[in-house]
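Colleague: I would like to learn how to read a sheet and the cores beside it. Please take me through an example.

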Amino acid sequence: MTRTLLKNLAAASDGPISVSGWVDTVRDQKKVQFIVLRDESGAVQLVHPRTDVEEGSEPDAVAATISSLTTGTFLTVTGELKHDERVKLGGLEVKIGDLDVAALALDMPIAEDSSVDKRLDWRFLDLRRPEQNLIFRVQTTFLHALRTWWVEHDYIEIHTPKLMASASESRAELFEVGYFEGKAYLAQSPQFFKQMAQPAGFGKVFEVAPAFRADPSFTSRHATEFISVDAEISWVTSAEDVMQMHEQLLVAGFTAIKEKHGAEIEALFGLEVTVPTVPFPRIPLAEAKQIVASRGYTVPRADDDMDPEGERQIAAYVKEEFGHEFVFLTDYSSSIRPFYHMRHEGDETLTNSYDLIFNGTEISTGAQREHRIDILVAQAKSKGVDPEELEFYLDFFRYGVPPHGGFGMGLSRVLMLLLHQPSIREVTYLFRGPNRLTP
Ligand code: AMO
């Protein structure tokens with residue numbers, strides 16, 4: 001008999017049925033036994049009235065198997081489905097006919113209240129929680145919606161190499177790996193090679209792929225390996241064009257999430273998904289810092305960037321003032337931006353760039369890129385980047401190139417902030433950090 005997913009039982013008619021999943025709980029009573037079975041789609045109560053309760057009756061093999069079941073055991077049951085309003089769990093139950101144990105589980109090493117670290121040690125068990133299952137279905141829907149949007153708008157998907165000969169962002173966070181007789185570096189971003197698609201004449205490209213940063217910090221928002229969602233487009237006239245693409249893309253992603261999972265997210269996380277309205281608010285960084293200061297918080301960073309508390313403060317202001325969960329902070333100082341960001345016409349000190357803040361945390365950086373080779377080389381030099389190391393990249397700009405721009409966005413940051421999770425550890429399939437390489 002073919003297997004029925006537990007979420008489809010409500011619509012199935014009474015009669016023979018086969019279900020598979022893992023044991024959530026067993027209630028082993030004298031006359032009747034109950035199993036709550038879970039699968040990837042839901043839960044159901046299985047019932048077995050014991051046949052060995054009368055004195056002198058035959059041994060009940062099914063009852064003996066049920067008594068030996070442990071939480072977490074995967075099994076298949078064929079039996080009779082019966083809708084019955086009195087059953088608390090979904091108003092139906094399956095009377096066990098045959099029970100086939102796929103693999104008996106050892107005692108569970110974690111519980112709901114175990115620490116994050118312990119749960120990550122046993123991530124495959126932690127992922128059995130319905131909340132975790134939903135997180136990854138939300139992620140699937142989100143990426144599907146982004147991909148659909150890109151494909152419908154004629155973007156080309158690219159896969160850039162993750163083994164590199166040089167740094168793609170700051171040298172400070174670079175992982176070095178042995179590469180035959182020499183060495184290589186893990187890509188911190190697809191930056192250079194997504195830009196390469198512009199002189200390649202591809203027009204509009206996207207990539208969803210891992211990025212690696214040797215960042216030793218233990219914050220809730222940093223991983224050493226994360227999925228970077230990137231796009232890069234030709235013929236932009238400013239970062240504004242990139243922001244417009246970015247916000248439309250997010251609207252498509254959030255609309256799909258709300259439509260498909262809005263009710264479940266409300267039930268499991270107690271949250272209502274808000275589809276953002278466009279345009280998202282835009283505030284120049286300098287102005288944002290003044291606003292934050294007027295709220296009584298002075299961003300302490302000497303390097304001019306927003307710090308996490310500053311991000312929370314500006315987000316609170318935007319929420320109060322515009323009722324919006326997103327804000328583009330624009331016009332970052334050249335001093336805190338990479339050499340490839342285009343600077344303002346007539347004001348070298350500012351870049352044509354932005355950070356996107358969602359619910360109080362940065363999820364993305366975007367910019368128009370400098371495509372004029374002389375200026376690009378000068379900017380690289382002024383940042384202490386040796387142009388000789390970048391010859392392959394600089395060549396992209398020597399044989400014709402359109403003006404272009406794009407963004408990079410951390411996938412797990414979006415999910416963490418959307419679902420109000422305390423850390424990206426909760427929304428990453430297998431988290432990688434300074435002290436975590438397993439499982
Ligand atoms: P940036 O370095 O700001 O920009 O990274 C872009 C986005 O990637 C995510 N991110 C991270 N997520 C988890 N752990 C980390 N250690 C981590 N580092 C970054 C963040 C961040 O906003 N090349 C540019 C993008 C561009 O201009 O197109 C870049 O990499 O969400």
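Colleague: Which strand is joined to β13 (residues 326-330), and by how many bridges?

Modeller: Strands of a sheet pair through backbone hydrogen bonds, parallel or antiparallel. Here β13 and β16 (residues 353-358) run antiparallel and are joined by 5 bridges; pairing requires at least two bridges found by DSSP. Val327 has Ile357 in β16 as its bridge partner. The model is predicted: local features need pLDDT of at least 70, side-chain atom pairs count only at pLDDT 80 or more, and totals for chains, interfaces and linings use all residues. Residues are numbered from 1 along each chain as its sequence is written, and side-chain values use heavy atoms, leaving out hydrogens and water.

Colleague: What is the strand order of the open sheet?

Modeller: Its 8 strands, in mixed pairing, follow the order β6-β10-β11-β18-β17-β16-β13-β12. Strands are DSSP runs of E, at least two residues, and helices runs of H or I, at least four, numbered from the N terminus. At the edges, β6 (156-157) and β12 (282-284) each pair on one side only.

Colleague: Which residues have the most contacts inside the largest nonpolar core?

Modeller: A nonpolar core is a set of buried Ala, Val, Leu, Ile, Met, Phe, Trp, Tyr and Cys residues joined through side-chain atoms within 4.5 Å; buried means under 20% relative accessible area with a 1.4 Å probe, protein chains only. In the largest, of 50 residues, they are Phe142, Trp150 and Ile265. Helix α6 (239-269) gives the most, 10 residues. A second, separate core of 19 residues includes Leu6 and Val23.
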